[in-house]
Amino acid sequence: LDTSQVVVLDVRSQDAYRGPAGHIAGSVSAPFDSIEQQLPILLPYQNSTVLVYGDTTSDGAVAAKLLTVAGFRNVVHIAGGLQGWIEHGYRTVHSQ
């Protein structure tokens with residue numbers, strides 16, 4: 001991924017982000033339960049392509065909608081969340 005143009009947001013909890021399933025390489029942790037408070041921090045990504053995922057489809061979809069309403073121009077929800085990512089054979093990484 002070209003991280004200068006694409007940002008991957010993981011909206012799972014910090015524990016899940018650091019947990020045994022790992023996370024998508026290069027993703028930024030932005031837990032859903034505090035994403036509204038994090039919007040000022042995320043604003044630099046407003047004109048980038050933002051890929052959003054959670055544990056499952058529903059939490060990532062809601063976060064993607066919230067970002068779109070907040071003015072993010074190109075938000076893409078990763079259907080199936082991290083579980084779908086793994087089921088399709090894509091790799092994850094673990095925090096140190």
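Strands β1 (residues 6-10) and β3 (residues 49-53) pair in the parallel sense, over five bridges. The model is predicted. Within this pairing, Val6 sits opposite Thr49 of β3.

Strand β3 also pairs with β4 (residues 74-77). Here four bridges join the two strands, and they run parallel. Val52 stands opposite His77 of β4. The two pairings of β3 are set out below.

| Pair | Sense | Bridges | Opposite residues |
|---|---|---|---|
| β1 and β3 | parallel | five | Val6 and Thr49 |
| β3 and β4 | parallel | four | Val52 and His77 |

How covered is β3? Four of the five residues in β3 are buried, so the strand is mostly covered; buried means under 20% relative accessible area.

The path from β3 to β4 involves a helix. Together, β3, helix α3 (residues 57-69) and β4 form a β-α-β unit, and this unit is right-handed.

Helix α3 also packs against another helix. Two packed helices are described by the angle between their axes and the distance between the axes. For α2 (residues 35-42) and α3, the angle is about 50 degrees and the axes are 11 Å apart. The two helices are therefore oblique to each other. The crossing of α2 past α3 is right-handed.

Which residues make the contact between these helices? From α2 come Ile35, Glu36, Leu39 and Leu42. They meet Ala63, Leu66 and Leu67 of α3.

In short, β3 pairs with β1 and with β4, while α3 belongs to the β-α-β unit and packs with α2.

Notes
Residues numbered from 1 in each chain as written. Predicted model: local features only at pLDDT ≥ 70, side-chain atom pairs only at ≥ 80, totals over all residues. Heavy atoms only, no water. Buried < 20%, exposed > 50% of the residue type's maximum accessible area, 1.4 Å probe, protein only. Pairing = 2+ DSSP bridges. Right-handed = clockwise from strand over helix to strand, strands pointing away. Axes fitted to C-alpha atoms, helices over the stretch in contact; angles between N-to-C directions. Parallel < 35°, antiparallel > 145°, perpendicular 65-115°, else oblique. Left-handed = near helix turned anticlockwise from the far one by under 90°. Contact = heavy atoms within 4.5 Å.
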